[in-house]
Amino acid sequence: LTVRYVYTLTANGCTNPTTYNVDVEVNPMPTLTSSLTPPAICSGSVFSYIPTSGTAGTSFGWTRAIVAGITPVGPTSGTGNPNETLTNTTVSPLTVRYVFTLTANGCTNPSTYNVDVVVNPMPTLTSSLTPPAICSGSVFSYTPTSGTSGTSFGWTRAAVAGITPAGP
């Protein structure tokens, strides 16, 4: 937007009948309009986030601090879409924070924007992969476990010659 200041000059009791217009352009401060809480991703997935602003020509700089249990370790930084493959090496969901700084028309917004994405761990089987042998005709009972809470366990068994039920 343009703001006009109209100056009237007076000196020694004389007022100049001519006024002077001083026009100043006021550029808007860019703001982030995309979600600050994008959907969670699974470990090993690419975090793709397209930052948006209502101010044309906005550039989006971002930084990411070190998050224990997330690789790449960081800190990392860039512009636009982070497009980082984030791996959660723990058994619990972790939140990764990207701090965005917006600039447009020579104006850098002094306020930063925190974009938080949850990186869910890949569940892994923590129970033994080699349970004790059983005798023919006995029930095979196996309780699968995982360090990741809420894990559900599905299984299949191939047909094995000489074993009944035949399967799969």
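Student: In which loop is the place of Asn83?
Tutor: Strands are DSSP runs of E with at least two residues, while helices are runs of H or I with at least four, and both are numbered from the N terminus. By that numbering, the place of Asn83 is in the loop between β9 and β10.

Student: What pLDDT do local features need?
Tutor: Residues are numbered from 1 along each chain as its sequence is written, and side-chain values use heavy atoms, with hydrogens and water left out. This is a predicted model: totals for chains, interfaces and linings use all residues, side-chain atom pairs count only at pLDDT 80 or more, and local features need pLDDT of at least 70.

Student: Is Asn83 buried, partly exposed or exposed?
Tutor: Buried means under 20% relative accessible area and exposed means over 50%, with partly exposed in between (1.4 Å probe, protein chains only). Asn83 has a positive phi of about 45 degrees although it is not a glycine. Because its relative accessible area is 48%, Asn83 is partly exposed.

Student: Is Asn12 buried or exposed?
Tutor: Asn12 is found in the loop between β2 (10-11) and β3 (14-15). Its phi is positive, about 55 degrees, although Asn12 is not a glycine. Because its relative accessibility is 81%, Asn12 counts as exposed.

Student: Which residue is joined to Pro165 by a cis peptide bond?
Tutor: The place of Pro165 is in the segment after β13. The cis bond there has an omega of about -5 degrees, and the residue joined to Pro165 is Thr164.

Student: What about Pro75: in which loop is it found?
Tutor: The peptide bond from Gly74 to Pro75 is cis, with omega near 0 degrees. Pro75 is found in the loop between β8 and β9 (76-79).

Student: How many salt bridges does a search of the whole structure find?
Tutor: Side chains of opposite charge can pair when their charged atoms come close. A salt bridge is counted when a side-chain nitrogen of Lys or Arg is within 4 Å of a carboxyl oxygen of Asp or Glu. By this rule, the number of salt bridges found is three.

Student: What separates the closest N and O atoms of Arg4 and Asp23?
Tutor: Asp23 is partly exposed, because its relative accessible area is 43%. Arg4 and Asp23 form a salt bridge, and their closest N and O atoms are apart by 2.7 Å.

Student: How many residues apart are Arg4 and Asp23?
Tutor: Arg4 is in strand β1 and Asp23 is in strand β4. The pair links distant parts of the chain, 19 residues apart.

Student: Are Glu84 and Arg64 buried or exposed?
Tutor: Glu84 and Arg64 form a salt bridge, with 2.8 Å between the closest N and O atoms. Glu84 lies in strand β10 (residues 84-88) and Arg64 in strand β7, so the pair ties together parts that are 20 residues apart in sequence. Both residues are buried.

Student: Which residue in β10 is the bridge partner of Ile70?
Tutor: β8 and β10 pair in the antiparallel sense over two bridges. In β10, the bridge partner of Ile70 is Asn88.

Terms used
Pairing = 2+ DSSP bridges.
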